[in-house]
Amino acid sequence: MDIAPTASVTPTKSPPGGPENNQGGSVNRPGDRIFLGLSRGSGIILLVVMAAIAVFLTWRAVIALAENEGNFLTTFEWNANADPPVFGIAVLAYGTIVTSIIAMVLAVPVAVGIALFISHYAPRRLATPLAYVVDLLAAVPSIVYGLWGALFLVPHLTGLYKWLDDYLGWTGVFAYDDGAPRSLFTVGILLAIMILPIVTNVSREVFKQSPKMQEEAALALGATRWEVIKMAVLPFGRSGVISASMLGLGRALGETMAVATVLSPNFLINASLLNHGGGTFAQNIAVAFKEAGDIGRDALVASGLVLFLITLLVNGAARLIIARRKEYSGANA
């Protein structure tokens with residue numbers, strides 16, 4: 001009985017540094033070690049800088065709050081240079097949140113529509129220059145937007161304000177007393193124009209990365225262009241749109257010079273968004289810093305700490321929303 005010879009198995013050599021070198025384990029190559037050290041050091045430096053900012057803001061805020069004779073959260077007054085100082089952030093928090101919400105409501109739907117038009121509807125000869133114009137708008141300085149808002153936008157909003165008062169004035173939110181339209185609603189419109197290019201750019205890049213095979217399969221099955229976008233493009237880009245919106249919201253929350261140029265501030269909360277008054281954290285810091293004394297500057301730092309915390313909460317909420325949508329975020333790719 002013949003026995004077939006068994007095939008000899010020659011062991012293969014592992015690549016230099018062991019198999020774990022290609023599997024994300026130990027790093028033995030000098031270039032990999034240098035890159036790992038640089039990236040890890042950059043992350044640590046970022047955390048240290050953030051912690052240092054938080055410690056500085058907290059330290060200066062505690063000094064101001066110890067001297068404050070008013071309630072920091074509910075006082076409708078900012079007189080930090082008085083003796084004794086009295087200041088509160090109620091009006092500033094209200095104005096910051098309201099103007100940011102108005103900006104997001106106006107800007108995000110328009111930005112998503114523009115991004116979809118550039119990425120999936122417009123022909124290439126139109127999409128390329130249009131995308132270039134949007135990129136240029138994102139690079140315009142804030143003070144330019146502020147000057148444009150003060151010299152062009154404000155004088156041309158009177159008609160819109162009267163129209164809103166005629167049809168929606170009964171709500172109280174859109175009542176208008178025929179004054180100069182330097183209100184929180186005007187600030188919200190200006191902020192919407194400012195964040196529109198940012199949200200559009202990021203959303204456009206996300207939509208361009210949507211799986212082409214899924215789009216072509218949907219078209220092959222008889223889906224219309226809108227059905228393809230609804231079933232394939234928008235679900236894939238959902239987390240990207242959320243991220244783009246948070247970037248725009250961050251700019252809206254911290255915008256300074258444009259708001260200071262357009263808004264006519266006071267420390268009153270009006271039920272109507274069309275009447276002048278209100279304020280934001282960043283605008284108040286820019287306007288009041290020059291004349292502030294020692295306690296006044298610490299009070300402004302305290303308000304900056306609140307804005308810092310609001311920004312952290314907004315970004316944290318965005319991360320939680322994106323984490324719940326990992327199937328669309330590319331994290332499992």
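Among contacts in the protein chain between residues at least 6 apart in sequence, what percentage join residues at least 24 apart? The figure is 71%, where a contact means heavy atoms within 4.5 Å.

## Basis of the model

This is a predicted model, in which local features need pLDDT of at least 70, side-chain atom pairs count only at pLDDT 80 or more, and totals for chains, interfaces and linings use all residues. Residues are numbered from 1 along each chain as its sequence is written, and side-chain values use heavy atoms, with hydrogens and water left out.

## Overall fold

The protein chain has twelve helices and two strands. Both are DSSP runs numbered from the N terminus: helices are H or I with at least four residues, strands are E with at least two. Along the sequence the order is α-β-β-α-α-α-α-α-α-α-α-α-α-α.

Of the 333 residues, 38% count as buried. Buried means under 20% relative accessible area, exposed over 50%, and partly exposed in between, with a 1.4 Å probe and protein chains only. The chain exposes about 19,100 Å². Carbon and sulfur atoms supply 66% of that area.

## Aromatic pairs

The structure holds nine aromatic pairs. Rings of Phe, Tyr and Trp (its six-membered ring) pair if their centres lie within 6.5 Å; planes under 30 degrees apart count as stacked, over 60 as edge-to-face and the rest as tilted.

F56 and W59 form an edge-to-face pair, 6.3 Å centre to centre with 65° between the planes. The two sit three residues apart in helix α1 (residues 30-67), so about one helical turn separates them. F56 is partly exposed at 39% relative accessibility, and W59 is exposed at 52%. Y161 and Y176 have ring centres 5.3 Å apart and planes at 90°, so this pair is edge-to-face. Y161 lies in helix α5 (residues 158-168) and Y176 in the loop between α5 and α6 (184-208), so the pair ties together parts 15 residues apart in sequence. Y161 is buried at 0%; Y176 is buried at 9%.

## Cluster and charges over rings

F72, W78, F87 and F267 form one aromatic cluster.

R60 lies over the face of W59, 5.9 Å from the ring centre. The charged end of R225 sits over the ring of Y121, at 5.7 Å from its centre. A charge sits over a ring if NZ of Lys or CZ of Arg is within 6 Å of the ring centre and within 35 degrees of the ring normal.

## Q283

Q283 belongs to helix α10 (residues 281-288). At 4% relative accessibility, Q283 is buried. Not counting residues up to four places away in sequence, Q283 touches E255, T256, V259, A260, L263 and P265.

Terms used. Accessible areas come from the Shrake-Rupley method with a 1.4 Å probe; for residues, only the protein chains shown count as cover.
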